[in-house]
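I opened the model to look up one side chain and its surroundings, and then the chain as a whole. These are my notes, in the order in which I made them.

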Amino acid sequence: MTTDMRELLLSRIRDVSDYPKPGVMFKDITPLLADPAAFTALTDALAGMCARHGATKVVGLEARGFILAAPVAVRAGLGFIPVRKAGKLPGATLSQAYELEYGTAEIEIHAEDLGGDDRVMVIDDVLATGGTAEASLELIRRAGAEVAGVAILMELGFLGGRARLEPALQGAPLEALLRV
């Protein structure tokens, strides 16, 4: 990624203090999404990662991952698969529980949307602790597909998500456009 693109993306991410609770510095990507040049640059960069790693499908993680992954899938000419919170998908699903800082959560995927010939790129906006991404990798493999990699707009390095995710990647790449 060029320095100009990095600066463009960073300049469109707003810090919001004490959101959603005191002591948290929230990284708001809505200004980036509102800027057509920045959003296009981001979409192109993520679509390029899909091509480099031979992806055949794109998974977006609820909710902001949907916003990024759907246009990437269109740009790359790939199918888009949503990974949703439990109870949001109709029909037969595969589910995966995972640990949060305080408690657990569960995500689901339609297994019939993935097959043994698929190489799946997971796309999300932020890698924080890595729990959701880790659970999505398990779902993809349980559906019979291969993980092509994980592509993230921004990695919050101080939260240790990369270290948590490394074993679950099983050698697949983890690429973050920005690290803070």
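Predicted model: local features only at pLDDT ≥ 70, side-chain atom pairs only at ≥ 80, totals over all residues.

Residues are numbered from 1 along each chain as its sequence is written, and side-chain values use heavy atoms, with hydrogens and water left out.

I looked up Ser-136 and found it in helix 5, residues 131–142, where helices are DSSP runs of H or I with at least four residues and strands are runs of E with at least two, numbered from the N terminus. Is Ser-136 buried or exposed? Its relative accessibility is 0%, so I noted Ser-136 as buried.

I then checked what surrounds Ser-136: its side chain reaches the backbone oxygen of Ala-133 at 2.7 Å. Leaving aside neighbours within four places in sequence, Ser-136 is in contact (heavy atoms within 4.5 Å) with Leu-61, Ile-107 and Val-122.

Turning to the whole protein chain, I noted 6 helices and 9 strands. Buried residues make up 44% of its 180 residues. Of the contacts between residues at least 6 apart in sequence, 63% join residues at least 24 apart. Finally, I recorded that the C-alpha atoms fill a box of roughly 40 × 40 × 30 Å along the principal axes.

Definitions and conventions: Buried < 20%, exposed > 50% of the residue type's maximum accessible area, 1.4 Å probe, protein only. Polar contact = N/O pair within 3.5 Å; in protein donor to acceptor, adjacent residues only side chain to side chain.
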